[in-house]
Amino acid sequence: MADDAGKRKPGEADEDATTVMNEVEDEVTSPGGDREREGGISDFVRRAVSAGVGAASRSKDDIMRAAAGEMRNWLEHLNLNEEVAKALAKMVIEVKTEIRFRPTDDGKLVSETSNDVKVKSGK
């Protein structure tokens, strides 16, 4: 059965380079009596470019599918709570706030505030 892996099955319609070249080389006679190539070289180039673009598209899809699978696997095993706790355990957050009350000319109190926040790396 392993011997059959590389062989074509009867009736299989795989198009290979020989088939494409034979189609390009088929000649017909035009109404004026000149001989022309059926399809011409431009048809061959168009088919070749189309095949290349198709192969590139399939390769891109395969790469994206593999990358998405790897990302999904990594995210499924990621314990976000634990990772955030580790990051916060290594930090020191210092908050300094001053609130001052000042009297105005009409006797009301107005508050003045100032803030200072510093993030330091823990030891």
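E83 is partly exposed in this predicted model, with a relative accessible area of 37%. E83 pairs with K86 in a salt bridge. The closest N and O atoms of this pair are 3.7 Å apart. Both residues belong to helix α3, where a spacing of 3 residues separates them by about one helical turn. K86 is partly exposed as well, at 43% relative accessibility.

K86 also forms a salt bridge with E82. Here too the closest N and O atoms lie 3.7 Å apart. E82 and K86 are 4 residues apart in helix α3, about one turn of the helix. E82 has a relative accessibility of 40% and counts as partly exposed.

The structure holds 10 salt bridges. One of them joins D62 to R65, with the closest N and O atoms 2.9 Å apart. These two residues sit 3 residues apart in helix α2, which spans residues 40–76. About one helical turn therefore separates D62 from R65. D62 is partly exposed, with a relative accessible area of 44%. R65 is exposed, at 55% relative accessibility.

L80, V84, L88, M91, I93, V95, V117 and V119 make a nonpolar patch of about 760 Å². Helix α3 (80–89) supplies at least two of the patch residues. Strands β3 (91–103) and β4 (109–121) each do likewise. V119 lies in strand β4. Its relative accessible area is 57%, so V119 counts as exposed, the cut-off being over 50%.

Technical notes. Residues are numbered from 1 along each chain as its sequence is written. This is a predicted model: local features need pLDDT of at least 70, side-chain atom pairs count only at pLDDT 80 or more; totals for chains, interfaces and linings use all residues. Side-chain values use heavy atoms; hydrogens and water are left out. Patches are made of residues with over 30% relative accessible area and no salt bridge: like charges are joined within 9 Å, nonpolar side chains (Val, Leu, Ile, Met, Phe, Trp, Tyr) within 5 Å. Accessible areas come from the Shrake-Rupley method with a 1.4 Å probe; for residues, only the protein chains shown count as cover. A salt bridge is a side-chain nitrogen of Lys or Arg within 4 Å of a carboxyl oxygen of Asp or Glu. Buried means under 20% relative accessible area, exposed over 50%, partly exposed in between (1.4 Å probe, protein chains only).
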